[in-house]
Amino acid sequence: MLVEAIRTNPLMKITGDNLDMYIRTNHQRTDNSNQDIHWFASNAFFTRLNNQNLLENTPEVSPVYVANFVRLTDIDAEMFVLTKSETMKLNNVQKVLICRLLCNRGDFQWLKNKQPQHVPHRKRYVDQERLQNAKNITYLAPTPRGRFEHLAPVTCELWHVKQDLLSKAYKALFKSDSLGECGTLFHMKTALRRNDVNGNVKSNYKAHEELFLLIVKALIHVASDEINKLIRDCSEQNRDIVLRANKTENGSRRASSSADIIHRIGDNVDHLLSIPKFTSSHAKKTSSKDLEIAINILSKVQPFKYVKGRKFESFKTIPKIQKNTLFTECQ
C-alpha cells in the first residue's frame, strides 16, 4: 500500500517509537512464564496536497492587497518602543500593583480606599497552545471537521512570553558563585531554603516565579521603609526649626489665632481620609515568614542607598551606579 501511495504522492513522513512491556504472570509454569516484550510502532503520513509541481514564479499581487501588510523593509525599531501614552499607562498600572502590596502595612493602610479595584486591560484568552498542537496532529485528516478547521483563529496568550522573560532574568541573575554575596538571588534562594529552585525555569516554573516575586515584594517593602524614614527625618527637621525659636508646636499654633483652626481642619481631613499620623514605630510585621526574612536580609544590604565602590564580584557585567537617584523627588 505504501509503494502504491508513493507513486502518486511522494511526500511521505514515517514516524516510530519503541514500546517495551514486562508482563508478570500470576502462576508461572513452563508454558506460562513472565514476558519481556519489545515492540516497535510505526506510522506513515502523506501530505494532503502535493506542492512539488507548483510554479516557483512570484505571483502578481494587487496594490490594494500589498497596502494591507507591512513589508519587512518598512519595519522600524521604534515600532517596538512604548509610546508616551503606553508608558504612562504602564506606570499607572505599576502604581496600583505596588499599592496592593503596601496597603496592609501600618503606615500605608490609607491606600486601601484610594486604589481601583480593577485595572483595565485587554480581554484575556485561554491558553490554546495545546489546541494548536492538536490541530497540527490532525492536519492530515480527510475532512475539514477532522482537521479542526472550524476552530479558528487560535489565539495563544502571553504566558510563554512571561516564562521566557523569567528565564532571561534567572540566566542573568542566578549564579551559584554568588552564594556568599548577601542579597543576590542565589543567596536569597539558599537563605529561604527553596531547594526546588535550580535556575532552570521550565523544570519548575511555579517555584521560580514565587521566589522572584517574593524578592520583588521585599524590595518594594524596603523602599517604602526608606520613604517613611525620609518623611520622618523631614518632620524631625521641621520640628527642630520650631524648637530653635524657643516655641513648642502648641505654642506656635497659639501664636496665630487661625493656626489652631487650620491644624484642626488638617487633622479632620486626615481622619476622613484614614491617613495615620506620622510615628516612629515600625510597621507591623507581615504574615508571611519568608517575606519577613527577605525584608530583613535586604534591609541589612540597603540596596537603595548609594555606597561608593560597592559591587558584586559575581556580576561584573552590571554597570555601576554613579549616584543615588531613587529618592531625589522625595528629597
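Predicted model: local features only at pLDDT ≥ 70, side-chain atom pairs only at ≥ 80, totals over all residues.

Biologist: How many residues does helix H3 have, and what distance does H3 reach?

Modeller: Helices are DSSP runs of H or I with at least four residues, numbered from the N terminus. The expected span is 1.5 Å times one less than the number of residues. Helix H3, residues 84–102, has 19 residues and reaches 27 Å from its first C-alpha to its last, close to the 27 Å expected.

Biologist: Which residues of H3 are buried?

Modeller: Buried means under 20% relative accessible area, exposed means over 50%, and partly exposed lies in between, with a 1.4 Å probe and protein chains only. In H3 the buried residues are Val-96, Cys-99 and Leu-102. Seen down the axis of H3, they fall within an arc of 135°, so they line one face of the helix; the arc is that of the directions from the helix axis to the C-beta atoms.

Biologist: Which residues touch the most other members of the largest nonpolar core?

Modeller: In soluble globular proteins, nonpolar side chains tend to be buried together. A nonpolar core is a set of buried Ala, Val, Leu, Ile, Met, Phe, Trp, Tyr and Cys residues joined through side-chain atoms within 4.5 Å. The largest one here has 21 residues, and those touching the most other members are Tyr-170, Phe-174, Leu-185, Met-188, Val-197, Leu-211 and Ala-218. Helices H5 (159–173), H6 (185–191), H7 (205–244) and H10 (289–301) each supply at least two residues of this core. H7 gives the largest share, seven residues. A second, separate core has six residues, including Cys-99, Cys-103, Phe-108 and Ile-220.

Biologist: How many aromatic pairs does the structure hold?

Modeller: Rings of Phe, Tyr and Trp (its six-membered ring) pair if their centres lie within 6.5 Å; planes under 30 degrees apart count as stacked, over 60 as edge-to-face and the rest as tilted. The structure holds four such pairs. In one of them, the rings of Tyr-170 and Phe-174 have centres 5.5 Å apart and planes at 50°, so this pair is tilted. Phe-174 and Phe-186 also form a tilted pair, at 4.9 Å centre to centre with 55° between the planes. Phe-174 lies in the loop between H5 and H6, whereas Phe-186 lies in helix H6, 12 residues apart. Ring pairs link Tyr-170, Phe-174, Phe-186 and Phe-212 into a cluster.

Biologist: Is Arg-194 buried or exposed?

Modeller: Arg-194 counts as buried, at 17% relative accessibility, and lies in the loop between H6 and H7. Contact means heavy atoms within 4.5 Å. Not counting residues up to four places away in sequence, Arg-194 touches Lys-189, Glu-210, Leu-211, Leu-214 and Asp-290. Thr-190, in helix H6, is partly exposed at 38%.

Biologist: How many disulfides does the structure hold?

Modeller: A disulfide is a pair of cysteine sulfur atoms within 2.5 Å. The structure holds zero disulfides. The sulfur of Cys-99 has its closest cysteine sulfur in Cys-103, 7.8 Å away, too far for a bond. Cys-99 is buried at 19%, and Cys-103 counts as buried at 8%.

Notes
Residues numbered from 1 in each chain as written. Heavy atoms only, no water.
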